[in-house]
Each structure stands twice: as C-alpha cells, then as structure tokens.
Amino acid sequence: MKNRASTSAATLRKVTTAAAIGNFVEWFDFAVYGFLATLIAQQFFSASQPHAALLQTFAVFAVAFALRPLGGIVCGMLGDKLGRKRILSLTVLLMAAATTVIGLLPTYQSIGLWAPILLTLTRCLQGFSAGGEYAGACAYVMEHAPNHKRAWYGSFITVSTFTAFACAAVLTYALDAVLSVEQMSLWGWRIPFLIAAPLGLVGVYLRLRMEETPAFRATLSENHSAPHSPLAETVRHQGGNILRLGAFISLTALSFYMFNTYFSTYLQLEGHFSRTQSLLVSTLALLFAAALCPLAGALCDRIGRRKTIRLTGCWVIFTVYPAYWLANSGHLGAAIFGVLLLATGAVLSGVVTAALLSEVFPTRARYTASAITYNLAYTLFGGTAPLVATWLISLTGSSLAPAFYLILVALLAMSGGMALPETSRISLQDEPDVQEKLRHRGRASVN
C-alpha cells in the first residue's frame with residue numbers, strides 16, 4: 001500500500017536532513033554530560049569520597065530522565081495539536097539553553113551545595129526537552145517517508161544520534177589531549193557545554209524552515225476542531241500498545257546508554273584504561289554504529305519489524321557477556337571488539353524502534369503516544385543504566401554484573417516486542433482504520 005501523496009526525493013532529503021541535524025544538536029548537548037561524568041563529579045560534589053561523587057553524578061543523570069515523560073506528554077500533546085515542526089523547534093532551543101547554563105555554573109568549591117542543586121535543575125530542563133525530541137523527530141520523518149523504506153529513512157535519525165555522541169567523544173578526547181589535567185579541571189570541561197549555544201541557533205533555524213508532514217496536514221483537514229487525541233483518550237485506547245512497545249524499548253534504552261554513556265566509565269574503572277583510551281574506544285564504536293544504521297534500516301524494511309525484534313534480542317543475549325568480558329580484559333584491541341558487539345545490538349534495537357514509534361500509533365495520537373512510550377522506557381531503563389551498573393558491580397563485586405542485567409532486560413523486550421503486530425508496510429495516512437489493521441495483523445501474527 002502506498003502513501004496517498006508521494007513525497008519527492010528532494011523533499012525527503014530536505015526533511016531527513018533537517019530532522020537529523022536538529023536531533024544531532026539535541027543529543028550532542030545531552031551526550032557531553034556522560035563523557036565528562038568523572039570530571040563533573042569532581043566539580044559539583046565533595047571530593048572526600050570519589051566513588052560516592054561518581055554515584056551522585058550518575059544519580060543526577062538519572063534524575064533528568066524523570067522529567068522526560070512530562071516533556072514527552074506536554075510536547076507530544078502540543079505536537080499532535082499544533083504540528084510537528086513548531087514543537088521540534090522548541091525542544092532544540094530548550095536543550096541548547098540548558099546545556100549552555102551548565103557550562104556557566106559555579107562549582108562545589110565556590111558555592112557548596114548550591115552547585116549540585118543548580119546542576120540538577122538544569123539537567124531536568126535538558127530532560128524535559130529530550131522528552132519531546134526523539135519521538136517527534138521520528139514521527140516527522142516517518143510521516144514523509146514511503147511505506148516500504150520507513151526504517152531506512154528513519155535510520156538517519158539514529159545516525160544523527162550516534163554521530164552526536166561520537167562528536168561529543170571526539171571533542172572530549174581532543175581537550176584531554178591538548179589540555180593538562182589541571183586546565184581540564186579548572187575550565188576545559190566547560191567548553192563542550194558552551195558550544196551548545198551556537199549549535200542550538202543552527203538547530204532552531206533549520207527546524208523553523210521545515211514543512212509540516214503530509215499525514216498531519218491530512219488529519220487536520222479531515223477534522224478541523226480536534227485533530228489531536230486528548231491525553232486520557234490516548235492512554236485509554238493506546239495503553240496496550242504503549243506497554244508492549246515500551247517493553248521492547250526498554251532494551252533500546254538500556255543498550256543505548258550502557259554503550260554510549262556508561263561504557264566509557266566502565267573501561268576506566270574496570271578495564272583500567274586511561275580516559276584518553278576509553279574515549280578512543282567509544283569514539284570508534286560510535287562511528288561504527290553510525291555507519292551501520294542505514295544497513296540495519298534496509299534490513300529491517302526487508303525482513304520486517306518482528307524478525308528484526310527477534311534478531312535484536314538474540315544478538316544481545318548471546319553477545320553481551322563476551323562484550324563485557326573482552327572490555328574487562330585490559331587489552332585495547334579486545335575492548336574495541338567487545339564494544340562493537342554492544343554497538344551492533346544498540347543499532348538494531350534503535351533502528352526498529354524509530355520505525356515502530358510511528359507505525360504502532362495513529363496520526364492524531366502519534367506524537368503523544370510515542371513520546372510517552374519512549375520516555376517511560378528511557379526513564380526506567382536508560383536514565384538509570386549507569387547508576388544501576390555501578391551499583392550492581394559494587395553489590396556483587398563482579399565487573400560483569402551489568403551484562404547479566406542487560407540479558408534479563410533483553411528477555412523482557414522480546415516478550416513485549418513479539419506481541420506487537422507486523423507494521424512494516426502499513427500506511428501512516430490511512431485514518432481512521434489504522435488501529436483496525438493493527439488488530440487484524442495482531443490476530444494473524446498470533447495465529
């Protein structure tokens with residue numbers, strides 16, 4: 001089945017580029033915090049207990065995720081009511097502003113307990129902004145893309161996310177290489193945060209120039225008075241799909257942040273690599289992941305969503321233990337190979353998630369429902385990933401404990417994901433019968 005109004009190749013390139021660049025800006029700002037976690041611990045918490053300071057730093061990382069569901073609900077409802085482009089412009093502006101403020105905050109040595117309090121507040125604003133970003137960017141691209149290539153086009157949103165983390169890692173690596181330890185501690189750590197200001201202006205400019213999606217315009221023209229689904233109605237009618245898809249996205253969230261944010265710290269603390277070496281390993285893996293995304297997207301379009309879900313779960317279950325074991329070996333080559341195993345699982349889950357976020361929900365509730373699903377999963381499993389991993393190692397005394405945690409979540413994800421119907425070829429503009437098609441396909445998949 002084809003879209004009612006096909007989108008030209010030139011428009012698709014423009015749409016994908018604008019969404020991806022804005023998403024890059026958003027996640028570059030968010031990534032910087034993770035890569036500078038050990039330095040932030042020194043700047044914003046008491047230096048008397050370094051391990052406790054690191055735990056507190058990751059706790060602030062997790063607290064920011066508590067605002068993501070709220071950001072997803074607010075931005076999602078506004079996005080379903082007012083359109084995708086306006087809200088996506090707002091999210092990138094909020095993220096850039098909050099990140100810039102972090103770069104200007106005084107340290108614990110200057111203002112004591114006010115330092116971690118202000119850091120937490122600005123991280124909460126980052127979390128609110130991030131809550132409205134990814135699901136909206138995916139919906140924007142998917143609602144333009146042809147039915148048979150949605151995962152491929154959506155993969156470039158995932159590319160921009162991995163590239164943003166890679167650029168954050170490269171910048172941190174360069175600063176570590178150029179500046180002394182004292183310079184990095186005094187002022188060098190602020191530079192990546194302050195870069196957010198010009199990047200944010202670029203993102204806002206590009207987002208404001210975007211066009212509204214065909215699916216949203218079609219829904220708006222069909223129902224002028226209430227094109228969006230109220231929150232209570234969305235939760236009532238989409239609750240089952242929110243739970244099933246959320247179970248799968250738990251793996252996407254955990255694998256993403258274990259790989260992108262926590263692994264650099266893990267290499268330093270458990271693999272005994274230097275900051276420079278760990279950042280090098282992370283950067284290579286992130287670039288590998290970005291290059292792999294379009295291939296994963298093409299595969300997902302070819303074999304369908306359910307087979308990709310099954311492949312993702314099996315890959316994580318069978319590779320995560322060897323990946324952590326290799327990273328813990330102390331050998332650089334082994335660590336690189338181990339992190340590439342993790343990267344592959346994160347790419348597969350991320351690409352199929354980008355497609356499912358838009359395909360599972362109807363247009364009038366798509367932004368809201370997908371943002372709620374995505375952000376609840378990321379709050380519970382993504383934001384807590386570094387904290388839980390550090391706590392598990394401390395509790396068990398085993399540096400491989402995070403691997404078993406990831407395996408358990410992969411089993412949960414497969415149970416939820418395989419309960420979803422196959423959605424790879426449905427039209428996102430065929431309203432209001434999308435849900436009936438999903439129910440029919442769901443019965444067929446069970447039978």
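Patches are built from residues with over 30% relative accessible area and no salt bridge, like charges being joined within 9 Å and nonpolar side chains (Val, Leu, Ile, Met, Phe, Trp, Tyr) within 5 Å. A salt bridge here is a side-chain nitrogen of Lys or Arg within 4 Å of a carboxyl oxygen of Asp or Glu. The model is predicted, with local features requiring pLDDT of at least 70 and side-chain atom pairs counted only at pLDDT 80 or more, while totals for chains, interfaces and linings use all residues. Residues are numbered from 1 along each chain as its sequence is written, and side-chain values rest on heavy atoms, with hydrogens and water left out.

One nonpolar surface patch comprises Ile111, Leu113, Trp114, Ile117 and Leu121, whose accessible area together is about 520 Å² (Shrake-Rupley method, 1.4 Å probe, with only the protein chains shown counting as cover for residues). Helix 7 (residues 114–131) contributes the most to this patch, with three residues; helices are DSSP runs of H or I with at least four residues, numbered from the N terminus. Leu113 is located in the loop between helix 6 (108–111) and helix 7. Leu113 counts as exposed because its relative accessibility is 61%, the class requiring over 50%, whereas buried means under 20% and partly exposed lies in between (1.4 Å probe, protein chains only).

Pro69, in helix 4 (residues 68–82), is buried at a relative accessible area of 15%. Apart from neighbours within four places in sequence, Pro69 contacts Asn375, Leu376 and Thr379, a contact being heavy atoms within 4.5 Å. The C-alpha atoms of Pro69 and Gly127 are 8.7 Å apart, although 58 residues separate the two in sequence. Thr384 occupies the loop between helix 18 (363–382) and helix 19 (385–396). Its relative accessibility of 19% places Thr384 among buried residues. At least two lining residues come from each of helix 9 (150–178), helix 14 (231–269), helix 17 (332–359) and helix 18, with helix 9 giving the most, three residues.
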